[in-house]
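Have the structure open as you read.

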Amino acid sequence: MEDSERRILLQRLAEVDRKLKLAQEQLEIANRKIKEYEEKALKAEKASKMKSLFLANMSHEIRTPLNAIEGFSRVIAETDSEEDRLKYFQIIESNNQRLGSLVNEILDLSRVESGEIVIKKEKTDLTTLFGSIEQLFKFRCPETVRLEWVKPLMSVSMMTDVNRLTQVLSNLISNALKHTTEGSITFGHNFIDDNQKIEFYVNDTGSGIEPQFLNHIFDAYASKDAEQQNGFGLGLALCKIIVEKLGGTISCKSVLGKGSRFSFILPFEGSIGGKNTESTTTANLRTIRVSQRSEMNMKTILVAEDEDSNFELVKIVLQRSYRLIRAHNGIEAVQLNEDEHPDLILMDIRMPDMNGLDATRIIKEINHDTPVVALSAYAFDENIREAKAAGCDEFMAKPFRVESLIDMVKKYIG
């Protein structure tokens, strides 16, 4: 081959190599764009799913207190006993506060996500603040749960937003109460980093949190409520945003079945004063309980309901005509069904330990003919379909009318 031909061939090879490299670069750019598009699509899909779960969760959270408010408002009008009227009024008032808190949380979340939250710091006495929180929650503790404020030896004042700090601590204690049926809830504060920072904490001996949820527990749209029937609500998402606005960090450690520790660390700007003299207090209060009636001529209804006020409403409406037994969760419902052989089961869907759908599946395998009516604040079409697929014979959405409940019960057991 002559030199001229060799040069031409080398030039052509170089041109092919250049075009090949250019094609590879364009392919890499195209692959990156495809990957970016896929990531955006996955994020959009995840966001859509989380918002759907969020809406389902909020539907449940709003309907639950509404059920008690609507039901007891009707019952209180038909009650002659002054003592019963007062008890029902207290239940209505408690659920009014719960509903109001939820609405405020939704509004707060909207404001803080849009950057409208304003932090107003002022000198705050932590002993006074913690004492107020203790008084607020001690009347909400069941008799099986001990609320304990670990009071420091020295009084402490710090510059902070007292309302927002109270909001965070209250949300953490409310969350602990939701997941603790027995044992204790302990809260307080410690100094760290040579008093440069202060740690606030809430410990509980509750059900604990599965490891896969810990990394997402403070996400606004990643509450596990709608999927797992036992959730954390909006409070934790708000806590994270507020703590970060205060210049701090928040975290959670948990052991499934043994309890959780929520804590947040803030920079300390304040003073440590004299000794505290008041002793640490604890609080115990009774819970609403059902007295099991033994009349053999009454048909038996098993009520699976973890909310005291919701069970109390069902009890008041039905106890004159039927024998009622209560299960606080799905596991108890399955056990009581085997022991008592009820004529009808009113099944809440969202319950701790085992949800109502799983309990219904087990019950229907054992006693296929036992009618099960789902009573749930999850009332979207998909929730109704899931309940029917699990074996529920009927579905009633909370809040329900008293007359509708009575008619439903009569339909199955007279």
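Strand 12 and strand 13 run parallel and are joined by four bridges. One of the pairs across them is Ile-345 with its bridge partner Val-372 in strand 13. Before going further, note that this is a predicted model, where local features need pLDDT of at least 70, side-chain atom pairs count only at pLDDT 80 or more, and totals for chains, interfaces and linings use all residues. Residues are numbered from 1 along each chain as its sequence is written, and side-chain values use heavy atoms, with hydrogens and water left out.

Helices (H or I, at least four residues) and strands (E, at least two) are DSSP runs, numbered from the N terminus. On that count the protein chain has twelve helices and 14 strands. Of its 414 residues, 45% count as buried, where buried means under 20% relative accessible area, exposed means over 50%, and partly exposed is in between (1.4 Å probe, protein chains only). Take the contacts in the chain with a separation of 6 or more: residues 24 or more positions apart account for 71% of them. A contact here means heavy atoms within 4.5 Å.

**The sheet**

Back to strand 12. On its other pairing, strand 10 is joined to strand 12 by four bridges, and these two run parallel; Ile-301 stands opposite Leu-344 in strand 12. Strands count as paired if DSSP finds at least two bridges between them. Put together, the sheet is open, has five strands in the order 11-10-12-13-14, and pairs in parallel. Strand 11 (323-327) and strand 14 (394-397) are the edges, each pairing on one side only. Neighbouring strands are turned by 20° against each other on average, direction ignored.

How many of the five residues of strand 12 are buried? Five of the five, so to speak a mostly covered strand. In a regular strand the side chains alternate between the two faces of the sheet. Here Leu-344, Leu-346 and Asp-348 point one way, Ile-345 and Met-347 point the other way, and all are buried.

**Helices on and around the sheet**

Helix 8 (residues 308-318) packs on the sheet, touching strand 10 (300-304), strand 11 and strand 12 (344-348), and its direction makes about 170° with that of strand 11. Helix 9 also lies across strand 10, strand 11 and strand 12, and runs at about 145° to strand 11. Axes are lines fitted to C-alpha atoms, for helices over the stretch in contact, and angles run from 0 to 180 degrees between N-to-C directions.

| Helix pair | Angle | Axis separation |
|---|---|---|
| Helix 9 (residues 330-340) and helix 10 (residues 356-366) | about 15° | 9 Å |
| Helix 10 and helix 11 (residues 381-390) | about 25° | 8 Å |

Angles under 35 degrees count as roughly parallel, over 145 as roughly antiparallel, 65 to 115 as roughly perpendicular and the rest as oblique. Helix 9 and helix 10 are therefore roughly parallel, and so are helix 10 and helix 11.

For helix 9 with helix 10, the contact is made by Gly-330, Ala-333, Val-334, Asn-337 and Glu-338 on one side and Ala-359, Ile-362, Ile-363 and Ile-366 on the other. By class that makes six nonpolar, two polar and one charged residues. Ala, Val, Leu, Ile, Met, Phe, Trp, Tyr, Cys and Pro count as nonpolar, Asp, Glu, Lys and Arg as charged, and the others, Gly among them, as polar.

Between helix 10 and helix 11, Leu-357, Thr-360 and Arg-361 meet Glu-386, Ala-387 and Ala-390. This contact has three nonpolar, one polar and two charged residues.

**Helix 7 and some positive phi values**

Helix 7 (residues 235-245) has eight of its eleven residues buried, so it is largely enclosed by the rest of the structure. Among the buried ones are Leu-236, Cys-239 and Ile-242. Gly-247 follows helix 7, with a positive phi near 90°.

Which residues other than glycine have a positive phi? Asn-195 is one of them, at about 65°, and His-341 is another, near 50°. Asn-195 is found in the loop between strand 4 (183-192) and strand 5 (197-204), and at 38% relative accessibility it counts as partly exposed. His-341 is found in the loop between helix 9 and strand 12, and is exposed, with a relative accessible area of 54%.
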